[in-house]
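Student: I would like to learn how to read a structure step by step. Could we look at one together?

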Amino acid sequence: MVLQAYKPGADEPRAEDIRLGLTASRKVGGAVVRNRARRRLRALAREVLPRHGARGCDYVLVARGDTATRPWPDLVEDIEAALRRLGHWR
RNA sequence: CCAGACGGCUGGACGGCCGCUGUUCGCAGCUCUUCGCGAGAUCGGUUGCGGAUGGAGGAAAGUCCGGGCUCCACGGGAACGCGGUGCCGGGUAACGCCCGGCGGGGGCGACCCCAGGGACAGUGCCACAGAAAGCAUACCGCCGGCCCCGGGCGCGCGAGCGUCCGGCCGGUAAGGGUGAAACGGUGCGGUAAGAGCGCACCGCGCGCUCGGCAACGAGGGCGGCACGGCAAACCCCACCGGGAGCAAGACCAAAUAGGGGCGACACGCCGGGCCUAGGCCCGGCACGCGGGUUCCCGCGCCGUCGCCCGGGUCGGUCGCGCGAGGCGCCCGGUAACGGGCGUCCCAGAGGAAUGGUCGUCCCCGCCCUUAAAGGCGGGACAGAACCCGGCUUACAGGCCGUCUGGCAAA
RNA sequence: CGGAGCGUGGCGCAGUCUGGUAGCGCACUUGCAUGGGGUGCAAGGGGUCGUGGGUUCAAAUCCCGCCGCUCCGA
């Protein structure tokens, strides 16, 4: 998947919570496939982001072609690698 | 047993962990209505926790029809226009849907397919080929005549005769060969050659009788062939249709900007005059409002602050699921369907929930194996957005029933 | 939710209304011309007309279903 992050500046009001956005475009597949991809991404974010994501950050997860069918452990590795590349891992 | 036709049902099962959401009950916090001096009680809302319970489909899809519902328009109705439908009867709230029947076509059969009204209301088209493509005609032929005509050949001494080719007049439409389609087809008679010219059968047309509610069918009679196809070409006839769509529509209602009213401070630009600064007066111009047709008259005048009023936007609430509802039994009907009784409550999201993950079983394929065990991969089409009745399209696998053809056995 | 348009050689488009012959430009191939290339001249190849049915003697064209793409309105 694609992981996008937005870190608010010091002058902006900053919440403690992590805010999440999900995207599954028509390119990914039909309505069923898009729904499934979005749900898997939501479950993935619930599992990983509160523990390892940066506090007060906004994240957007974008589904790609095989998000609905990729094995679950691979998906977990993907998001963890993405967080490390952003320097948000903790 | 094999092959096939039709109709119906189903659309993986169980469990562990972690989640989302509707309803309802309990507790707690906040808020609010009413009562009370007060403690508090009470109606409702909202948030959190806990318990109970519900949570995608047969097509939820495509958005091709028909309705409910809501708003808009309209005095009633009709006509014109536009769009749609099109054998007959029935079902239904309605339909372009469904059922039954008729006609045509396909299949040995079960059965399947068909927009299937009108071509004497009119207009139009039928390429190429062919003589001719729609009112009918006559190119090649075939037949007869020529005392009138031209030419060739043969016979004859000769007038002439015979024959062939051509011309002219008349009869004919059987044959030609094209084409998707040719003014009926086959056979017999008939004739100079032919022709529905006559006859039989078939086809066609028009009455009659009988059966059927009807579409239509059956029988018999007459006509003697005249009436080609295309209306999913224009069109004619009959019937149907007001428009938009839940982002319909109703209600509550921020911040900011803007509108109106009241009050306070305050009074646009140019020229001239008065006066120490700063303001005042007169005339003109610009703007707003009101009144009588261009034009004129009257009144007001920038802005700032405070209070109040109304409209829109963000947001929120409703619409929003008891319905032409599901299931079971009985009755009527060939059936679609209708009636009665009993029983059940069955998703309601909103940048959009109904799930994520793991395990066991089931089914299918591949590998290994004599087999078992085992390993790997896969489990269809597809996701509600106001609701309902249909149509169309997609769909792995499985189950049930009825029927047809063939083979075998009894 | 409602509506409109498009699909034809490799590419961009005609032809569809009014049914019988699929055409144009660029590109491609071959030859000539040039020392070579470009340009020019001549000749040539290449199209299930998106798809499945139907009407018709005959369908790119008329009718119906489906697929894909684009656009518009609320």
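Tutor: Let us begin with a definition: helices (H or I, at least four residues) and strands (E, at least two) are DSSP runs, numbered from the N terminus. By that reading, I18 is found in the loop between strand 1 (2–6) and strand 2 (19–23). Before we go on, please keep in mind that this is a predicted model, in which local features need pLDDT of at least 70 and side-chain atom pairs count only at pLDDT 80 or more, while totals for chains, interfaces and linings use all residues. Residues are numbered from 1 along each chain as its sequence is written, chains are lettered from A and ligands numbered from 1 in the order in which they are written, and side-chain values use heavy atoms, with hydrogens and water left out.

Student: Is I18 buried, partly exposed or exposed?

Tutor: Buried means under 20% relative accessible area, exposed means over 50%, and partly exposed lies in between, with a 1.4 Å probe and protein chains only. I18 has a relative accessible area of 28%, so it is partly exposed. A contact means heavy atoms within 4.5 Å, and, leaving aside residues up to four places away in sequence, I18 touches L49, G53, A54, R55, G56, C57 and Y59.

Student: Which residues does L44 touch, not counting residues up to four places away in sequence?

Tutor: L44, which is found in helix 1, touches M1, W72, L75, V76 and I79 when those sequence neighbours are not counted. L44 counts as buried because its relative accessibility is 0%. I79 belongs to helix 2 (residues 72–86), and its relative accessibility is 0%, so I79 counts as buried. With residues up to four places away in sequence not counted, the contacts of I79 are M1, L44, V48 and L61.

Student: How far apart in space are R34 and T67, C-alpha to C-alpha?

Tutor: Distance along the chain and distance in space are read separately: R34 and T67 are 33 residues apart in sequence and 9.0 Å apart from C-alpha to C-alpha. For I79 and T67, twelve residues apart along the chain, the C-alpha atoms are separated by 12 Å. R34 itself lies in helix 1 and, with a relative accessible area of 25%, is partly exposed.

Student: Which residues surround RNA strand B?

Tutor: A residue is near a molecule or strand if one of its heavy atoms lies within 4 Å of it. RNA strand B is surrounded by A31, V32, N35, R36, R38, R39, R40, A43, R46 and W72. Of the atoms of RNA strand B that come within 4 Å of the protein, 72% belong to sugar and phosphate. Helix 1 (residues 31–52) gives the most to this surface, with nine residues.
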